[in-house]
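Please open the model in a viewer and keep a selection panel at hand.

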Amino acid sequence: MGFDLLVLLPISVVLYLVLKRVPSGRRMPLALWIAFYFTVPLAAYDYLYCGLILDRGIGFLWEFWYLTVYYVIPWVLAPAVVLLANRIAKEQPVVGGASREATPEHREVRQLAE
């Protein structure tokens, strides 16, 4: 449990810092891509080594469960961080007293609607 916190806490913070700079509408797709890039290549590498080279086959998923857990965690963690970032963004006041409508993102949406 302690090791998990040492790994997941910094990853969560970095993920939040990356995602908070992205417009809210693009956060979830970006988070899912990040989860993909963290898990799929590592799962493929683990299968090549543990499954094929060590000759464990797909059974390596159960035998090396401590690797398998980290294929799932980013898919849960990334969307959770997006929800947190969106909630924090809604609660923060806009700096300088300008309304949210004055942000470039909202101006672009308003221009497209006209």
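Helices (H or I, at least four residues) and strands (E, at least two) are taken here as DSSP runs, numbered from the N terminus. The model is a predicted one, in which local features need pLDDT of at least 70 and side-chain atom pairs count only at pLDDT 80 or more, whereas totals for chains, interfaces and linings use all residues. Residues are numbered from 1 along each chain as its sequence is written, and side-chain values use heavy atoms, with hydrogens and water left out.

**The whole chain**

Begin with a cartoon view of the entire chain. Its secondary structure comes to five helices and zero strands, and the elements run α-α-α-α-α from the N terminus on. Next, display the surface. Accessible areas come from the Shrake-Rupley method with a 1.4 Å probe, and for residues only the protein chains shown count as cover. The chain exposes about 8,500 Å², of which carbon and sulfur atoms supply 70%. A residue is termed buried under 20% relative accessible area, exposed over 50%, and partly exposed in between (1.4 Å probe, protein chains only). Of the 114 residues of the chain, 21% count as buried. Contact means heavy atoms within 4.5 Å. Among contacts between residues at least 6 apart in sequence, 56% join residues at least 24 apart.

Select residues 2–19, which form helix H1. The expected span of a helix is 1.5 Å times one less than its number of residues. For the 18 residues of H1 this gives 26 Å, and the end C-alpha atoms are 26 Å apart, which agrees. Which residues of H1 are buried? They are Ser12, Leu15, Tyr16 and Leu19. An α-helix has 3.6 residues a turn, so residues three or four places apart point the same way. The buried residues of H1 pack against H2 and helix H4 (65–91).

Move on to Pro23, in the loop between H1 and H2. Pro23 is partly exposed, with a relative accessible area of 34%. A C-alpha to C-alpha distance drawn from Pro23 to Asn86 reads 9.4 Å, although the two are 63 residues apart in sequence.

**Thr39 in helix H2**

Select Thr39, which is placed in helix H2. Thr39 is buried, because its relative accessible area is 3%. Leaving aside neighbours within four places in sequence, Thr39 is in contact with Tyr70, Tyr71, Pro74 and Trp75. A polar contact is a pair of N or O atoms within 3.5 Å; within protein, one must be able to donate a hydrogen and the other to accept it, and residues adjacent in sequence count only if both atoms are side-chain atoms. The side chains of Thr39 and Trp75 make such a contact, at 3.0 Å.

**The loop between H2 and H3**

Now select Asp55, located in the loop between H2 and H3. At 67% relative accessibility, Asp55 counts as exposed. Its phi is positive, about 60°, although Asp55 is not a glycine. Most residues other than glycine have a negative phi.

The side chains of Glu63 and Arg56 meet in a salt bridge at 2.9 Å, N to O. Glu63 is partly exposed at 40% relative accessible area, and Arg56 is partly exposed at 39%.

**The nonpolar patch**

Finally, select Ile58, in the loop between helix H2 (24–53) and helix H3 (60–63). Ile58 counts as exposed, at 53% relative accessibility. Ile58 and Tyr47 are eleven residues apart in sequence and 7.3 Å apart in space, C-alpha to C-alpha.

Patches are made of residues with over 30% relative accessible area and no salt bridge: like charges are joined within 9 Å, nonpolar side chains (Val, Leu, Ile, Met, Phe, Trp, Tyr) within 5 Å. Tyr45, Tyr47, Leu48, Tyr49, Leu52, Ile53, Leu54, Ile58 and Trp62 form a nonpolar surface patch, with about 990 Å² of accessible area together. Which element gives the most to the nonpolar patch? H2 does, with six residues. Leu52 lies in this helix, H2, and is partly exposed, with a relative accessible area of 48%.

Methods
A salt bridge is a side-chain nitrogen of Lys or Arg within 4 Å of a carboxyl oxygen of Asp or Glu.
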